[in-house]
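Here are my notes on this one, as numbered points. Have the model open while you read.

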Amino acid sequence: MVTVGNQGILSSSSDTYPVYDVLREILSDGVEVIHTQSSQPLEADGLLLQGNSNLKLILVNYTGAIKHVTFRKSLFTLQPNEIRVENL
């Protein structure tokens, strides 16, 4: 079931909202979610996915400000309210 509209994952004109890409990554075949922990989970957080011998990091900035996130010695700069998928 696909939800369409302002409260969904697709707009009424079939454009995808950012959460669509996140759900597609999480629901991919053979993907395992690896626990991560944010020092400021109300501001930014991450989700590490492992599948088919690769790692993907989903980063989310929940705020209206630019946030800097460090993961395994790599620094990522997230724009306000950004959701990003990084191949590691």
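1. What share of the contacts in the protein with a separation of 6 or more comes from residues 24 or more positions apart? The answer is 21%, where contact means heavy atoms within 4.5 Å.

2. Some ground rules before the details. This is a predicted model, so local features need pLDDT of at least 70 and side-chain atom pairs count only at pLDDT 80 or more, while totals for chains, interfaces and linings use all residues. Residues are numbered from 1 along each chain as its sequence is written, and side-chain values use heavy atoms, with hydrogens and water left out.

3. The overall layout. The protein has one helix and six strands, and from the N terminus on they run α-β-β-β-β-β-β. Helices (H or I, at least four residues) and strands (E, at least two) are DSSP runs, numbered from the N terminus. Along the principal axes, the C-alpha atoms fill a box of roughly 40 × 35 × 15 Å.

4. Surface and burial. The protein exposes about 6,200 Å², and carbon and sulfur atoms supply 50% of that. Areas come from the Shrake-Rupley method with a 1.4 Å probe, and for residues only the protein chains shown count as cover. Of the 88 residues, 27% count as buried; buried means under 20% relative accessible area, exposed means over 50%, and partly exposed is in between (1.4 Å probe, protein chains only).

5. In soluble globular proteins, nonpolar side chains tend to be buried together. Here the largest nonpolar core has nine residues: Ala44, Leu48, Leu55, Leu57, Leu59, Val69, Phe71, Phe76 and Leu78. Two or more residues each come from β2 (44-51), β3 (54-61), β4 (67-71) and β5 (74-78), and β3 gives the largest share, three residues. To count as a core, buried Ala, Val, Leu, Ile, Met, Phe, Trp, Tyr and Cys residues must be joined through side-chain atoms within 4.5 Å.

6. Not counting residues up to four places away in sequence, Leu78 touches Leu59, Val60, Asn61, Ala65, Ile66, Lys67, Val69 and Arg84. Two of those partners, Lys67 and Arg84, come up again below.

7. On to charges. Side chains of opposite charge can pair when their charged atoms come close. How many salt bridges does a search of the whole structure find? It finds three, a salt bridge being a side-chain nitrogen of Lys or Arg within 4 Å of a carboxyl oxygen of Asp or Glu.

8. One of them pairs Glu43 with Lys67, with the closest N and O atoms 2.8 Å apart. Glu43 sits in the loop between β1 (32-34) and β2 and Lys67 in strand β4, so the pair ties together parts that are 24 residues apart in sequence. Glu43 counts as partly exposed because its relative accessibility is 27%. Leaving aside neighbours within four places in sequence, Lys67 is in contact with Glu43, Asn61, Phe76, Thr77 and Leu78.

9. Through shared partners, Glu82, Arg84 and Glu86 make one network. Is Arg84 buried or exposed? Arg84 counts as buried because its relative accessibility is 19%, and Glu82 is buried too. Beyond four places in sequence, Arg84 is in contact with Leu57, Ile58, Leu59, Phe76, Thr77 and Leu78.

10. Gly64 is in the loop between β3 and β4. With a relative accessible area of 65%, Gly64 is exposed. Gly64 touches Pro80 and Asn81, not counting residues up to four places away in sequence.

11. Last, a nonpolar spot on the outside. Val19, Leu23 and Leu27 form a surface patch with about 260 Å² of accessible area together. Patches are made of residues with over 30% relative accessible area and no salt bridge, with like charges joined within 9 Å and nonpolar side chains (Val, Leu, Ile, Met, Phe, Trp, Tyr) within 5 Å. Val19 is found in helix α1 (residues 18-26) and, at 34% relative accessibility, counts as partly exposed.
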